[in-house]
Amino acid sequence: MNARIEDYALIGDQQTAALVGRDGSIDWLCLPRFDSGACFARLLGDEDNGYWRIAPKGADTCARRAYRPDTLVLDTEWETGEGAVRVVDLMPQRDRAPDVIRIVEGVSGRVTVRSTLRLRFDHGSIVPWVRRLDGHRVAVAGPDAAWLRSEPAVRTWGEDFGTHSEFTVARGERVAFVLTWHPSHEPRPPLVDPYEALSGSVTDWRRWASRCRYDGPYRDAVVRSLITLKALTYRPTGGIVAAPTTSLPEMPGGVRNWDYRFCWLRDSTLTLNALLSAGYHEEAAAWRDWLLRAVAGKPADLQIMYGVAGERRLPETELPWLSGFAGSAPVRIGNDAVNQLQLDVYGEVMDTLSLARASDLSGRPHMWALQRSLMGFLASQWRQPDEGLWEVRGGRRHFVHSKVMVWVAADRAVRTLQEHPGLRGDLAGWRALRDEVHREVCEKGYDPGRNTFTQYYGSRELDAALLLIPRVGFLPPDDPRVAGTIDAVRAALGHGGFLRRYDTGGAGEPVVDGLPQGEGAFLACSFWLADALHLTGRTDEALALFERLAGLVNDVGLLAEEYDPVHGCQLGNFPQAFSHIALVNTALTLFRGEGADRAG
């Protein structure tokens, strides 16, 4: 199977997504939602865990592949001794049921093509019962049912617990396969016309992409990142998942394998800024509304992440029947970090809602009442240690970034009252809180001997999240402590020209995160470094770093969470919303004013 994470491309219908390899195999797909059980899990196991490959008979990998411009429709081209074929992969926006459409087109000669489908429901663990019905293949197991058909019908048979098809295509000929999922207790959904679905998908995506206001350098990379962000959006609610995958390793063979098929609050302000700045107000409003619904309730119960519809219970479980990507076990579903205390999320929520109000998104009558409630909780609880932005599992500490985000919460509350004097709130109390937090961070979280802020109070360790200090306004960019922190973080956490999040330790000893050592350069943090360099007047360095980062995208423009500069490969869940959001925001920061905004 594919040995590198960047060998995959993404298709999706804004409710779930699939990963398609360079060998023509769909190795990951959860149905019907991003966080449902996978019916193709070869990505994290082997062929017995489910996949669907369409390729010329005897072929290995494709000659080339690309998205159709400004769409999520993937063209994969193969060249053989017999001729050439193209496979078009897409998932059209659904009316009711999810469909995967794969269209084989003859380009030249006459090529024999093979389709092998192995459905394995419940994360690759259940072999369904497959039967013929009305010329289709129907697979059923428990709550899941899937129908496979081809247009025109081709020779298809069952063998080795899989469904196989073989046929030939000449230039201009087409064979379309459609795989449709539905709950097994319901009747089969109406049939979708694969060619109408293709035409409609291309039109819909291009219409959406044309709304992008950014027209500066690296526009293709920015638009591809925005399309990826749209693909990771759960359309019914507006929630945006961090990634469509679970357990792709941050270190091959290691245990840093987490489920990212949920929505994190830490991404909220950066996400909203990217959407608003690029001209996507409707999506920004949907994300803001998802956030308001998710965090509604007691402030003490605020979580760091939620399900795509705002679900709160995300229990973590290991799947022992999956060996893991490149042998990286365990494979996990759910995420126990949901139970952690992270004070920074209160600042993220306050900052996001402040940005929404300043951007003239249509107001919500309960929004300020919710913000006041959050501030009431934070005022009494901010002195607690927490697990911090990076969800450490090595015990709570007084993380500097968390305290800075407490300051952000108080600052945004104060500013909101100053700009909207008709709102009720404790202006004097929040000013005092803002000043107290600022004073404490500068006293306890700053090392004057090295002229740098530290990862947590009293530590000598550093953290890439400290680079956000000038961006959130805690200190101005020209403050010597900001420059010192940038240089210190870069020196301590630099990795092959990029940046780690923090020091994960050496000699196999667990450190702050309570896990064995080792992970790659964290791409979002590397973009933050470019932002910080630009803000402090080192724009040439920022541009050089951005160019290197933009060069890490795979052949179809996608980024994972991390990058291994030693082996030259991507690491972590893929594609990663955080990385693509950071790319968009850094491009907007660096190139604002260079024709970057057609709307002015």
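Mentor: Leu-552 is found in the loop between helix 13 (539–550) and strand 27 (562–564). Helices (H or I, at least four residues) and strands (E, at least two) are DSSP runs, numbered from the N terminus. This is a predicted model, in which local features need pLDDT of at least 70 and side-chain atom pairs count only at pLDDT 80 or more, while totals for chains, interfaces and linings use all residues. Residues are numbered from 1 along each chain as its sequence is written, and side-chain values use heavy atoms, with hydrogens and water left out.

Trainee: Why is Leu-552 called buried?
Mentor: Buried means under 20% relative accessible area, exposed over 50%, and partly exposed in between (1.4 Å probe, protein chains only). Leu-552 has a relative accessible area of 13%, so Leu-552 is buried.

Trainee: Which residues does Leu-552 touch, not counting those up to four places away in sequence?
Mentor: They are Phe-498, Leu-523, Leu-559, Tyr-563 and Gln-570. Contact means heavy atoms within 4.5 Å. Gly-445, by comparison, is 107 residues from Leu-552 in sequence and 34 Å from Leu-552 in space, C-alpha to C-alpha.

Trainee: Why is the pair of Phe-167 and Phe-177 called tilted?
Mentor: Rings of Phe, Tyr and Trp (its six-membered ring) pair if their centres lie within 6.5 Å; planes under 30 degrees apart count as stacked, over 60 as edge-to-face and the rest as tilted. By this rule there are 22 aromatic pairs. The ring centres of Phe-167 and Phe-177 are 5.7 Å apart and the planes stand at 45 degrees, so this pair is tilted. Phe-167 belongs to strand 14 (residues 162–170) and Phe-177 to strand 15 (residues 174–183), so the pair ties together parts 10 residues apart in sequence. Both Phe-167 and Phe-177 are buried.

Trainee: What makes the pair of Trp-368 and Trp-430 edge-to-face?
Mentor: The centres of Trp-368 and Trp-430 are 5.9 Å apart, with 80 degrees between the planes. Trp-368 is in helix 7 (residues 367–381) and Trp-430 in helix 9 (residues 427–444), so this pair ties together parts 62 residues apart in sequence. Trp-368 counts as buried at 6% relative accessibility, and Trp-430 is buried at 7%.

Trainee: What makes a set of residues a nonpolar core?
Mentor: A nonpolar core is a set of buried Ala, Val, Leu, Ile, Met, Phe, Trp, Tyr and Cys residues joined through side-chain atoms within 4.5 Å. The largest one here has 197 residues, and those with the most contacts inside it are Trp-52, Phe-453, Phe-474 and Trp-528. Helix 8 gives the most to this core, with 11 residues. Leaving aside neighbours within four places in sequence, Phe-474 is in contact with residues including Val-404, Trp-407 and Phe-453. Apart from this core lies another, of 11 residues, among them Val-88 and Ile-101.

Trainee: How many aromatic residues form the cluster that includes Phe-546, and which are they?
Mentor: Tyr-218, Phe-527, Phe-546 and Phe-591 form one aromatic cluster.
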